[in-house]
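Please walk me through this model.

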Amino acid sequence: MSIEDGDRKAKGGMYGGMRVCIRKILKKEDEKVIIECTEITPEVEDIRAYAAGKGAEIWGTTDSRRTERFRLEDVYYFEALDEKLFAYTGEQVYEVKMRLYEAERAFERFHFVRCSKSVILNLLLLEGISPALNGRFFAHMKNGERLMISRQYAGEMKRIVMGGGNDEK
């Protein structure tokens with residue numbers, strides 16, 4: 001079975017972006033996303049990273065010392081406290097057996113970015129940012145939490161969230 005967005009002209013005379021095709025298959029292990037494009041743009045890379053991260057799971061330990069798997073896409077942010085790394089989801093806080101810099105490197109392609117010396121946040125769960133004092137900003141997460149964006153990371157965070165500037169690192 002196949003589904004395709006055939007009409008790319010949307011309401012109001014605007015033209016849609018990419019054509020999207022969905023084909024139902026029999027085996028879960030055969031699932032994949034194929035991106036066909038004329039150029040690999042930052043937008044195409046974002047789509048790739050989003051698709052690759054969907055369903056990715058990591059292990060963590062709850063405060064009741066129970067080890068569980070949870071989805072990376074459910075993590076609002078990682079925070080380093082007292083030589084330990086914690087992952088905050090909507091329902092639970094998990095201790096993760098990684099260092100902050102390891103999580104930053106491992107999850108950068110899944111839209112996690114450093115916002116302070118001890119926090120990496122999930123841009124896909126960021127609702128917005130607002131100014132704070134002394135060149136700092138607040139990151140407003142979709143769960144209602146507010147995280148401090150330090151001066152050191154404020155410029156890069158503004159560039160990422162508001163767009164523009166040089167997208168290459």
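**Rings, then surface**

Arg146 sits over the face of Phe138, 3.9 Å from the ring centre. Keep in mind that this is a predicted model.

Phe78 belongs to strand E5 (residues 75-81) and Phe107 to helix H2 (residues 100-107), so the pair ties together parts 29 residues apart in sequence. Phe78 is buried, at 0% relative accessible area. Phe107 has 7% relative accessibility and also counts as buried.

Phe78 has a second ring partner, Phe112. Here the centres lie 5.4 Å apart and the planes stand at 55°, so this pair is tilted. Phe112 is in strand E8 (residues 112-116) and Phe78 in strand E5, so the pair links parts 34 residues apart in sequence. Both Phe78 and Phe112 are buried. Together, Phe78, Phe107 and Phe112 make one aromatic cluster.

Now the surface. Met18, Val33, Ile35 and Ile47 form a nonpolar patch there. Ile47 sits in helix H1 (residues 42-53). Its relative accessible area is 36%, so Ile47 is partly exposed.

Lys84 is another partly exposed residue, at 41% relative accessibility. Lys84 is in strand E6 (residues 84-89). Which residues does Lys84 contact, leaving aside neighbours within four places in sequence? They are Glu79 and Glu95. Lys84 and Leu100 are 16 residues apart in sequence, with 8.5 Å between their C-alpha atoms.

Conventions: Residues are numbered from 1 along each chain as its sequence is written. This is a predicted model: local features need pLDDT of at least 70, side-chain atom pairs count only at pLDDT 80 or more; totals for chains, interfaces and linings use all residues. Side-chain values use heavy atoms; hydrogens and water are left out. Helices (H or I, at least four residues) and strands (E, at least two) are DSSP runs, numbered from the N terminus. Buried means under 20% relative accessible area, exposed over 50%, partly exposed in between (1.4 Å probe, protein chains only). Contact means heavy atoms within 4.5 Å. Patches are made of residues with over 30% relative accessible area and no salt bridge: like charges are joined within 9 Å, nonpolar side chains (Val, Leu, Ile, Met, Phe, Trp, Tyr) within 5 Å. Accessible areas come from the Shrake-Rupley method with a 1.4 Å probe; for residues, only the protein chains shown count as cover. A salt bridge is a side-chain nitrogen of Lys or Arg within 4 Å of a carboxyl oxygen of Asp or Glu. Rings of Phe, Tyr and Trp (its six-membered ring) pair if their centres lie within 6.5 Å; planes under 30 degrees apart count as stacked, over 60 as edge-to-face and the rest as tilted. A charge sits over a ring if NZ of Lys or CZ of Arg is within 6 Å of the ring centre and within 35 degrees of the ring normal.
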